[in-house]
Amino acid sequence: MGIEFRDVTKKYPDGTIAVDGLSLTVEDGTITVLVGPSGCGKTTSLRMINRMVEPTSGTILLDGKDVRDSDAALLRRGIGYVIQHAGLFPHRTVLSNVATVPLLSGWDRRKARTRAAELLEIVGLPAELGARYPAQLSGGQQQRVGVARALAADSPVLLMDEPFSAVDPVVREGLQDELLRLQSQLGKTIVFVTHDIDEAVRLGDKVAVLRVGGRLAQYGTPSEVLRHPVDDFVSGFVGRDRGYRGLSFVSAAEVPIDKVPTVRVGSVPDAVDEGQWRLAVNEVGEPRGWLPPSSTVDGELRESDLVAGGSLHHQGNPIRGALDAALSSPAGLGVVVDEAGRAIGVMTARQVLDVIENHPQSVGGS
Ligand code: ADP
């Protein structure tokens with residue numbers, strides 16, 4: 001279900017022009033990110049889609065139909081909406097929060113609760129959390145509940161307003177990965193608001209950069225916006241390290257994965273090949289650290305014998321993670337793990353850089 005803004009302007013009663021002549025097409029089944037500094041009209045633009053805010057002029061079409069022709073309350077209930085801090089009802093359990101929209105839509109209690117439990121599972125929350133109250137969850141868990149509740153609307157359209165901004169960076173990355181995984185299964189039309197350009201290029205199929213005064217500065221794929229900012233405002237906003245950011249959407253599939261000698265924690269290591277780092281793994285094959293060349297181990301290998309490892313590259317993730325892994329590894333070898341977190345091999349920074357430099361979408365130079 002596509003969304004089209006046609007020359008949309010919003011002037012608030014106090015005279016503030018929040019959105020100025022916005023024309024933009026959000027394609028069906030894609031994630032479009034509205035990004036820009038605080039006060040540039042992102043939230044206002046988003047809320048005009050579900051008529052929480054009415055435009056002063058211009059038209060918004062949802063699936064080709066003017067949103068003004070729909071009943072505002074029905075429209076709102078039929079469109080998933082996720083906000084910062086999740087906006088959960090504090091005095092209702094998690095399960096009942098998620099079941100709210102199906103109940104409002106006339107589902108019977110049992111069916112609504114069954115659906116709510118399924119949705120908790122879909123967003124990666126254990127079923128027992130359903131009985132808790134929002135304050136008893138971590139920030140990241142609350143955001144997952146917010147996403148589950150928005151999915152409960154069972155709508156092809158999802159509006160997300162800075163949904164991950166209040167959680168710490170590590171949790172935020174997890175939530176972003178989760179959203180991309182969900183989207184690959186659900187194929188919703190998602191409009192996502194953030195002030196964080198990294199988040200925008202990570203999540204967006206398309207990125208709309210807005211400037212203060214509510215004007216669209218640039219609309220394109222993350223690669224276009226990073227490689228060819230149209231003016232100083234956009235290049236300033238995407239920042240100087242945009243080449244590195246651009247790696248978020250280059251695949252690491254072409255980087256060869258090499259074998260690496262491994263040694264099991266708790267076992268007695270073989271005699272060492274001179275000059276070789278060995279990757280220490282636990283009993284299920286998860287990396288635990290590195291055993292430096294020619295180190296002497298007295299009996300069984302313990303974790304205290306190891307040098308801490310760098311970050312891990314999850315197979316299938318963008319090349320930025322592969323480069324991080326290679327550069328942060330004490331052995332100079334980035335560890336690649338499979339879905340279950342088991343080590344499957346290593347790559348050097350040189351191998352990663354070769355792929356980046358030869359990639360047609362490479363974002364080096366100007
Ligand atoms: P963003 O989401 O990009 O931070 P907003 O859409 O929230 O931007 O706000 C855009 C501009 O409109 C800002 O200058 C803001 O102060 C103003 N604004 C937002 N809501 C109202 C309102 N209800 N009344 C008056 N001005 C508003």
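**The ligand site and its setting**

Modeller: Let's start with the fold: taking contacts (heavy atoms within 4.5 Å) between residues at least 6 apart in sequence, 61% of those in the protein chain join residues at least 24 apart. Bear in mind that this is a predicted model, with local features needing pLDDT of at least 70 and side-chain atom pairs counting only at pLDDT 80 or more, while totals for chains, interfaces and linings use all residues. Numbering runs from 1 along each chain as its sequence is written, and side-chain values use heavy atoms, leaving out hydrogens and water.

The protein chain has 12 helices and 16 strands, both taken as DSSP runs numbered from the N terminus (H or I, at least four residues, for helices; E, at least two, for strands). Its C-alpha trace spans about 75 × 55 × 30 Å along the principal axes. Of its 366 residues, 46% count as buried, meaning under 20% relative accessible area, with a 1.4 Å probe and protein chains only.

Now to your site. Around the ligand sit Tyr12, Asp14, Thr16, Ala18, Pro37, Ser38, Gly39, Cys40, Gly41, Lys42, Thr43 and Thr44, each with a heavy atom within 4 Å of it. Helix H1 (residues 42-49) gives the most to this shell, with 3 residues. By type, the shell splits into 4 nonpolar, 6 polar and 2 charged residues; Pro counts as nonpolar here and Gly as polar.

The side chain of Thr44 puts an N or O atom 2.6 Å from a ligand oxygen. From the backbone, a polar atom of Gly39 comes to 2.7 Å, and an N or O atom of Gly41 lies 3.0 Å from a ligand oxygen. Alone, the ligand exposes 560 Å², and the protein buries 61% of that (Shrake-Rupley areas, 1.4 Å probe).

Terms used
A polar contact is a pair of N or O atoms within 3.5 Å; within protein, one must be able to donate a hydrogen and the other to accept it, and residues adjacent in sequence count only if both atoms are side-chain atoms. Buried means under 20% relative accessible area, exposed over 50%, partly exposed in between (1.4 Å probe, protein chains only).
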